[in-house]
Amino acid sequence: MIRLHETVRVARAAADCYRYLLDFSTCEQWDPGVYRAEKITPGTPAVGSEFDVTVSLFGRRATLRYRITALKPDARIELEMYGNGIRSTETIAISANAAGSAQIDYRADFRLSGALRLSETLARPLFKRVGRKAVAGLADALTIKTTVPRQSWPSYAADRSLVLAAPMFTERGYLALDDKSHSEFMDDRVVVVTGATSGIGEAIACEYARLGATVVLVGRDADKLAASRQTVHDFAGGDIARIHAEQADLIDVAETRALGERLTERFPRIDVLVNNAGAMFDTHALTDDGFERTLAINLVAPFVLTETLMGSLIAAGARVVNMSSGGMYLQPLVLDDMNLEQSDYSASKAYARAKRGLVALTRHWARRYGDAGVRFNAMHPGWAATPGVTKSLPGFDKVMGRFLRDARMGADTAVWLGAAEAANHCQGEFFLDRTPHPTAVLPNTQVRPSDAQALYGWLRNESDIPVHGFE
């Protein structure tokens with residue numbers, strides 16, 4: 001038997017520590033040996049809830065099954081684990097200290113069998129080292145940071161070359177993050193996520209719901225919205241009444257504006273808006289409002305919805321997160337051909353130009369509304385394996401599939417930008433993996449403030465959206 005005992009003190013209330021650890025799938029956020037953890041029992045974790053945890057074990061990935069066997073609220077979590085040739089009983093005891101801090105005691109007894117039993121003597125120091133790293137990672141995850149993570153040298157070099165940047169867009173870039181935690185709870189806050197019925201949008205909604213936020217899922221298909229609402233509840237638990245679904249086809253200006261008006265009436269304060277909805281179209285066509293379709297969903301819709309919600313966003317001192325794409329780096333902002341009627345059309349070019357426009361609009365919004373207390377930032381989720389990528393870019397998906405991030409990896413920065421204290425003062429930046437990056441690498445793709453101002457004016461005039469008192 002291999003026995004571990006590690007103790008750590010953290011500057012968090014015992015109740016916070018217990019709440020974070022109760023959903024043991026958060027171990028992927030703090031244990032460097034865990035690749036992925038999934039809660040497979042729907043709803044709020046309780047005695048009997050089970051989790052699949054994929055770990056690196058003796059140089060190979062293996063999936064272990066964890067089960068909660070006993071709980072003492074705010075004080076104790078007991079688990080059992082079993083996998084091929086390995087079993088354990090583990091206890092996490094939490095005790096309150098003075099000044100709102102807590103002590104966490106981790107104890108585990110591991111029993112190896114079969115071929116692993118023969119290597120127990122050699123494995124003992126490895127297990128102890130892994131245990132120390134995991135507990136240290138837990139302490140770090142529960143520590144509330146106040147500054148943006150420092151950019152690594154590989155990431156800094158990648159900002160100067162798209163060739164060097166490509167590996168950072170894959171799963172490899174996310175896995176290199178020193179901190180993947182989301183432990184800052186969002187009770188009594190309202191989060192609106194567009195494009196929330198699949199992929200990254202649904203993953204964003206799940207994590208915000210796990211943090212305790214009231215989450216509004218926006219999508220155009222009623223059946224998919226209902227399914228996603230249940231998925232988010234299964235993932236996060238708690239009261240399903242705090243997970244709302246709003247149906248709207250964001251490609252239509254009137255529907256988008258009506259959505260914003262409904263939300264403003266229902267939620268006088270909206271703390272986070274994630275403009276995530278997006279799409280690519282194989283052929284050129286205009287909407288009934290006169291916008292090229294890719295432009296309509298990826299740029300016009302975020303503009304209309306954000307401007308319509310501005311009263312509720314200002315009331316909350318909100319954070320707005322705009323989902324962009326690495327493809328943005330390949331295209332400039334072309335103000336005299338926004339609908340791609342004067343050049344050859346391709347889906348990827350239309351998408352990249354729309355996302356370039358969204359990043360430029362993000363910086364303009366930051367200048368325009370920053371004094372009103374609203375923070376605007378854009379982000380790149382990396383190359384993620386989502387239904388949208390599979391449908392729109394099947395060749396890319398086939399070649400790069402095994403290197404792509406999953407939806408939760410792609411969602412990480414969008415959640416961090418809306419929830420983390422460290423992101424509270426970020427304004428007008430473009431993020432990948434929680435760090436700001438330049439918005440232009442290739443010549444002639446930099447957008448001047450005057451161009452962003454012109455884009456804002458064009459969007460306002462073409463969509464007939466009123467100004468909110470900030471000329």
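Visitor: How much space lies in the largest cavity?
Guide: About 130 Å³ of space lies in the largest cavity of this predicted model. A cavity here is a set of points, on a 1 Å grid over the protein atoms alone, where a 1.4 Å probe fits but cannot get out, and lining residues have an atom within 4 Å of a point. Grid points are joined across faces, edges and corners, and a volume is the space filled by probe spheres set on the points.

Visitor: Which residues lie nearest the centre of the largest cavity?
Guide: They are Glu28, Gln29, His182, Glu207 and Arg408, out of 15 residues that line the largest cavity. By class, that lining has six nonpolar, two polar and seven charged residues, where Ala, Val, Leu, Ile, Met, Phe, Trp, Tyr, Cys and Pro count as nonpolar, Asp, Glu, Lys and Arg as charged, and the others, Gly among them, as polar.

Visitor: And which element gives the largest share of that lining?
Guide: Helix H16 does, with five residues; H2, H8 (199-210) and H16 (407-419) each supply at least two. Helices (H or I, at least four residues) and strands (E, at least two) are DSSP runs, numbered from the N terminus.

Visitor: How many cavities of 30 Å³ or more does a search of the whole structure find?
Guide: The search finds four of them.

Visitor: Switching to open space, how much lies in the second largest pocket?
Guide: About 830 Å³ lies there, a pocket being an open set with protein on both sides within 12 Å along at least five of seven lines. The second largest pocket is lined by 46 residues, and the closest to its centre are Asp31, Gly33, Val34, Val130 and Ala134. H4 gives the most to this lining, with 11 residues, and by class the lining has 31 nonpolar, five polar and 10 charged residues.

Visitor: On to packing, how are H8 and H9 arranged, and at what angle?
Guide: H8 and H9 (residues 222-236) pack at an angle of about 45 degrees, with their axes 9 Å apart. Axes are lines fitted to C-alpha atoms, for helices over the stretch in contact, and angles run from 0 to 180 degrees between N-to-C directions. The two helices are therefore oblique to each other, given that angles under 35 degrees count as roughly parallel, over 145 as roughly antiparallel, 65 to 115 as roughly perpendicular and the rest as oblique.

Visitor: Which residues of H8 and H9 make the contact?
Guide: Glu202, Ala205, Cys206, Glu207, Ala209 and Arg210 of H8 make it with Ser228, Thr231, Val232, Phe235 and Ala236 of H9, contact meaning heavy atoms within 4.5 Å.

Visitor: What about H11 and H17, how do their axes cross?
Guide: The axes of H11 and H17 (residues 449-463) come within 11 Å and cross at roughly 85 degrees, which makes H11 roughly perpendicular to H17. By class, their contact has nine nonpolar, one polar and two charged residues.

Visitor: And at what angle do H10 and H11 pack?
Guide: H10 (residues 253-266) and H11 (residues 293-308) pack at about 30 degrees, with their axes 8 Å apart, and are therefore roughly parallel to each other.

Notes: Residues are numbered from 1 along each chain as its sequence is written. This is a predicted model: local features need pLDDT of at least 70, side-chain atom pairs count only at pLDDT 80 or more; totals for chains, interfaces and linings use all residues. Side-chain values use heavy atoms; hydrogens and water are left out.
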